[in-house]
Amino acid sequence: MNKDRKLIIAGNWKMNKTVAEALDLVAGLKRELAAIKEVDLVVAPPFTALSEVSKVILDSNIRLGAQNVSEQNVGAYTGEIAAAMLKEFSVRYVILGHSERRQYQQESNELVARKAIAVHAVALKPIICVGEVLAERESGRTEKVLETQVRGSVAGLTADQMEETVIAYEPVWAIGTGKTATTEQAQAAHAFIRRTLASLYDETVAKRVRIQYGGSVKPGNARELMSQPDVDGALVGGAALEVRSFSDIVKNSI
Ligand code: PEP
């Protein structure tokens, strides 16, 4: 595939995998994906497995991601983890504003933006998730929702920081449901997000930002999704939990 932007495919393991299971999975991915140079590969295990997984992938083409971070740098914030602490484990990417966190932890666009600033402050890269729920799509509000989420979630980022930020378009109705957006729906949403970035920054910045698609990505639909001009990778949930399915998604995307 001939795109100026390098594809980035990330596995969001969510609250799955003990340390032993995580090590098993990542050892398999390392073996299966050793030859992949065309795609930036990221795995985001739970916090408890970051340390051990980081040691195993040190000499590989797989980069480490975290699933959340505090917007604070240090101090009395029980249960929170700061971006600098993630950096200690060679984390490179941090998933922010996933729809599950927006829904269950009431994360707002403003909070996501503060977290993105904290992530950039230690030179890590945020993967900022946006996406509409089914009722919003069905009532024709998808673009309005995406515009509000994108504007709010990147507020305060400089142009340089924006270029180093990944956006994940994840229609909430497609997450973990087996329903995938059609390639046309995905492309249209991605193009809209890019236009929004162009209006917030400029065309050059917008062209450099990678926009992943997420929502029931599988080996069978990866190639078609990834072939869309504005789809620059995938954020994968369920299918990232097995060596075979994640590896096949990556291989089918090239
Ligand atoms: C996700 O939660 O980011 C996701 C895309 O999940 P799934 O691939 O299981 O739909």
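Reader: How are helix 5 and helix 7 oriented to each other: parallel, antiparallel, perpendicular or oblique?

Author: This is a predicted model. In the model, the axes of helix 5 (residues 109-121) and helix 7 cross at roughly 40° and come within 7 Å. Angles under 35 degrees would count as roughly parallel, and 65 to 115 as roughly perpendicular; helix 5 and helix 7 are therefore oblique to each other.

Reader: Which residues of helix 5 and helix 7 meet?

Author: Helix 5 contributes Asn109, Glu110, Val112, Ala113 and Ala116. Their counterparts in helix 7 are Thr148, Gln149, Gly152 and Ser153.

Reader: And by class, how many residues in that contact are nonpolar, polar and charged?

Author: The contact of helix 5 with helix 7 has 5 polar, 3 nonpolar and 1 charged residues.

Reader: Let us turn to the strands. How many close into the barrel, and in what order?

Author: The barrel is closed by 8 strands in the order 1-2-3-4-5-6-7-8, with parallel pairing. From one strand to the next, the twist averages 25°.

Reader: Over how many bridges do strand 1 and strand 2 pair?

Author: Strand 1 (residues 7-12) pairs with strand 2 (residues 39-44) over 6 bridges, in the parallel sense. Within this pairing, Gly11 has Val43 of strand 2 as its bridge partner.

Reader: Which strands does helix 7 touch?

Author: Helix 7 (residues 142-153) packs on the sheet and touches strand 5 (125-130) and strand 6 (166-169). The direction of helix 7 makes about 155° with that of strand 5.

Reader: Now the ligand. Which residues come nearest?

Author: There are 14 residues around the ligand, and Lys14, His98, Glu170, Gly176 and Ser216 come nearest.

Reader: What distance separates the side chain of His98 from the ligand oxygen?

Author: An N or O atom in the His98 side chain is 2.7 Å from an oxygen atom of the ligand.

Reader: Where do backbone atoms of Ser216 and Gly238 lie?

Author: For Ser216, a backbone N or O atom lies 2.7 Å from an oxygen atom of the ligand. For Gly238, a polar backbone atom is 2.8 Å from an oxygen atom of the ligand.

Notes
Residues are numbered from 1 along each chain as its sequence is written. This is a predicted model: local features need pLDDT of at least 70, side-chain atom pairs count only at pLDDT 80 or more; totals for chains, interfaces and linings use all residues. Side-chain values use heavy atoms; hydrogens and water are left out. Two strands pair if DSSP finds at least two bridges between them. Helices (H or I, at least four residues) and strands (E, at least two) are DSSP runs, numbered from the N terminus. Axes are lines fitted to C-alpha atoms, for helices over the stretch in contact, and angles run from 0 to 180 degrees between N-to-C directions. Contact means heavy atoms within 4.5 Å. Angles under 35 degrees count as roughly parallel, over 145 as roughly antiparallel, 65 to 115 as roughly perpendicular and the rest as oblique. Ala, Val, Leu, Ile, Met, Phe, Trp, Tyr, Cys and Pro count as nonpolar, Asp, Glu, Lys and Arg as charged, and the others, Gly among them, as polar. A residue is near a molecule or strand if one of its heavy atoms lies within 4 Å of it. A polar contact is a pair of N or O atoms within 3.5 Å; within protein, one must be able to donate a hydrogen and the other to accept it, and residues adjacent in sequence count only if both atoms are side-chain atoms.
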